[in-house]
Amino acid sequence: MQLPLFSILSTDSSKPFQTKPIDPQEDPQEEQWSCLNSASLYGLETWGKPYFSINKKGHISVQPNGSNNHTLDLFDLVKGLESRNLELPLIIRFDDILEDRLKQLHEAFENALTHYHYQGSYQGVFPVKCNHQHHVVEEFVTCGKHWHFGLEAGSKAELLIALSLLEDRKSLLICNGYKDKRYIETAILARKLGRQPVVVIEQADEVHRIISASHELGSSPLIGLRVKLTCRSSGRWKSSVGEKAKFGLSIPDILKTIELLREAKLLNELRLLHFHLGSQINDIAVLKDALQEASQIYVELIRLGAPMGYLDVGGGLGIDYDGSKTSTQASTNYSLQNYANDVVATIQECCASNEIKVPTIVSESGRALASHFSVLIFNILGTNCSTSKISEIVGKDSLIIRNLKETLATIDNIKISNPLEISKFQEAWNDAVKFKEDAFTAFRLGYISLPERAMAEELTLSCAKNLIKKIPLDELIPDELKNLSSILATTYYANLSIFRSAPDTWAIKQLFPIMPIHRLNEKPTQLGDFADLTCDSDGKLSNFINNGNSKSLLELHQLNANEPYLIGMFLGGAYQEVMGNLHNLFGRTNAVHIRLNGSKGYTIDHVVRGSTNSDVLQAMEHLPELLLERLRVASEMAINQGDLTISDARRLMDHLETSLRQSTYLQE
Ligand SMILES: *Cc1c(COP(=O)(O)O)cnc(C)c1O
């Protein structure tokens with residue numbers, strides 16, 4: 001991997017203006033910094049509630065059951081896990097949070113049902129595609145038993161997972177996605193096993209396969225219909241609805257399907273109407289329209305003679321990643337309770353005015369249930385932070401160096417109190433940039449030496465640093481000067497592959513809350529972003545939450561010698577793990593499941609070891625044994641030719657064998 005050297009030329013001037021970094025050591029009048037400042041800087045008091053806060057030590061505190069009566073210090077927890085040989089990067093799954101989210105969802109619906117005197121009930125399912133990990137799906141089933149909480153499968157493999165884990169006869173098993181004959185037959189047989197599979201017809205031709213499989217087996221599954229709604233949607237996945245949507249039946253298709261089911265004497269098994277608006281619905285108005293349309297269709301299906309009984313409102317319940325409570329992509333303009341109220345009220349109203357029995361309400365929320373409980377922790381390996389000390393050169397300064405030194409002195413002499421002096425900032429910076437470019441040209445043509453060129457770069461950097469300290473934060477400041485702080489931004493090298501652990505930050509520019517998990521009682525003095533371990537220049541985290549907007553640089557601390565600097569990525573429990581890939585062969589990270597233990601402390605319920613180098617090599621069809629054997633033969637030859645000593649050969653083989661057994665990430 002090549003670490004980019006700092007170069008003032010590589011600056012991306014399109015980066016937006018950031019708050020200026022202030023070094024408290026250099027500025028003694030700087031006000032005291034407290035954990036409250038950190039909580040507000042990183043938005044923790046909004047997105048973090050009720051599970052994450054900051055404790056007196058300046059560490060992140062976790063309240064896994066959503067209340068203050070039992071908290072865990074995240075930093076100490078990581079230390080405890082590291083001492084058990086669970087190296088970073090590490091996913092910590094708080095199963096109590098998962099349970100609490102399930103509870104919150106059910107409470108919200110129970111409140112709404114009571115409030116609107118709804119004569120039916122609510123019964124949710126978890127879409128397996130959101131997090132396939134065995135312990136995660138199992139945890140949803142176990143914690144959800146109380147409410148007969150079910151599962152949703154979107155493929156044959158997911159159906160297999162759901163069938164093996166869901167034993168409750170009252171829970172629903174919603175079967176979505178493309179279905180071949182074997183998928184449908186498996187669902188039919190599962191019903192004979194006493195489960196409740198609902199095969200949802202999503203494509204017009206699936207009804208034929210359902211009819212023929214049912215005739216062959218002499219029994220049928222419960223049947224559902226997925227409708228393509230015509231109402232508008234919003235957010236990233238808005239194309240999930242509308243006439244051009246990938247899944248779902250148009251109204252003419254629905255009518256044809258009903259007739260086919262009627263002819264095949266299967267209309268009596270049609271129980272469920274389903275729609276799905278796409279993930280992360282930002283705007284509740286969109287949901288209301290969809291609910292009205294779907295409720296009308298539900299009523300009509302009953303009029304056409306189907307027994308019905310379930311209305312499945314799909315997923316899409318959003319997460320407020322940045323805590324801004326807005327209809328922007330990283331947020332939602334509604335709460336969980338607003339959502340439940342709207343679902344219940346709309347369906348209730350439509351059924352009442354048509355004098356039809358209300359359905360059992362089903363929802364397939366994935367993101368809203370699975371995001372909070374998982375926290376990704378990674379360590380920083382180093383930064384590209386350059387020292388502010390300027391090298392000394394023996395002998396007389398060349399003209400270019402003298403010019404730069406004068407510019408630096410000019411900057412130091414500008415008085416901020418005088419508004420007329422603002423233009424001098426600009427002038428001085430223009431000079432500095434010009435002289436630095438002169439230095440590059442002079443070097444290229446052989447007029448200055450390498451040490452002189454280094455000195456020119458350092459002087460320009462000092463000009464930028466000293467300017468930043470003096471510039472008032474003011475609208476009138478020219479853009480070029482506002483961008484100075486991004487010139488000075490630090491790259492933090494993260495022991496992480498974003499392609500493995502946070503793929504959506506790269507693929508769809510999704511924002512997750514990211515912040516240090518300790519030192520929160522210290523003022524962060526740097527602006528920086530993260531570069532990951534892959535050799536891909538896209539392997540960066542450089543998009544951070546900013547109260548409804550985003551920013552390209554995050555406030556971070558200067559690294560302390562011999563001290564770890566640990567960063568947490570929060571709300572990433574949905575979709576990230578399964579979408580992650582093996583770019584540069586960085587494998588799965590270690591993961592642990594944590595449960596609160598009685599009144600204090602925790603137990604580690606499960607440890608899921610990350611991939612070893614051997615695992616990822618085999619995933620690409622390389623044979624570790626063969627690889628070792630080839631290198632052994634090559635070493636023997638080198639020994640015979642006198643190029644390698646026996647002890648060096650042994651050392652090499654030791655390294656190879658140990659690496660194969662070890663994690664793909666860097667070790668301390
Ligand atoms: C993906 C998906 C879901 C889950 O959506 P979330 O936005 O994560 O709640 C639910 N239903 C279907 C059909 C899906 O494809």
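This is a predicted model: local features need pLDDT of at least 70, side-chain atom pairs count only at pLDDT 80 or more; totals for chains, interfaces and linings use all residues.
Is Glu563 buried, partly exposed or exposed? Glu563 is partly exposed, with a relative accessible area of 42%; here buried means under 20% relative accessible area, exposed means over 50%, and partly exposed lies in between (1.4 Å probe, protein chains only). Residues are numbered from 1 along each chain as its sequence is written, and side-chain values use heavy atoms, with hydrogens and water left out.

**View 1. Glu563 sits in the loop between E20 and strand E21 (566–569).** Helices (H or I, at least four residues) and strands (E, at least two) are DSSP runs, numbered from the N terminus. The side chain of Glu563 meets that of Asn560 in a polar contact of 3.2 Å. Such a contact is a pair of N or O atoms within 3.5 Å; within protein, one must be able to donate a hydrogen and the other to accept it, and residues adjacent in sequence count only if both atoms are side-chain atoms. For a sense of scale, 46 Å separates the C-alpha atoms of Glu563 and Ile284, which are 279 residues apart along the chain.

**View 2. Strand E16 (residues 526–531) is largely enclosed by the rest of the structure, because six of its six residues are buried.** In a regular strand the side chains alternate between the two faces of the sheet. On one side of E16 you will find Gln526, Gly528 and Phe530, on the other Leu527, Asp529 and Ala531, and all are buried.

**View 3. E16 pairs with strands E14, E20 and E17.** Two strands pair if DSSP finds at least two bridges between them. Strand E14 (residues 490–494) runs parallel to E16, and four bridges join them; here Tyr493 stands opposite Ala531. Strand E20 (residues 554–556) is antiparallel to E16, with three bridges, and Glu555 in E20 is the bridge partner of Leu527. Strand E17 (residues 540–541) is also antiparallel to E16, over two bridges. In E17, Lys540 is the bridge partner of Ala531.

**View 4. Cys175 is in no disulfide.** A search of the whole structure finds zero disulfides, a disulfide being a pair of cysteine sulfur atoms within 2.5 Å. For Cys175, the nearest cysteine sulfur belongs to Cys130 and is 18 Å away. Cys175 counts as buried, at 0% relative accessibility. Cys463 also counts as buried, at 0% relative accessibility.
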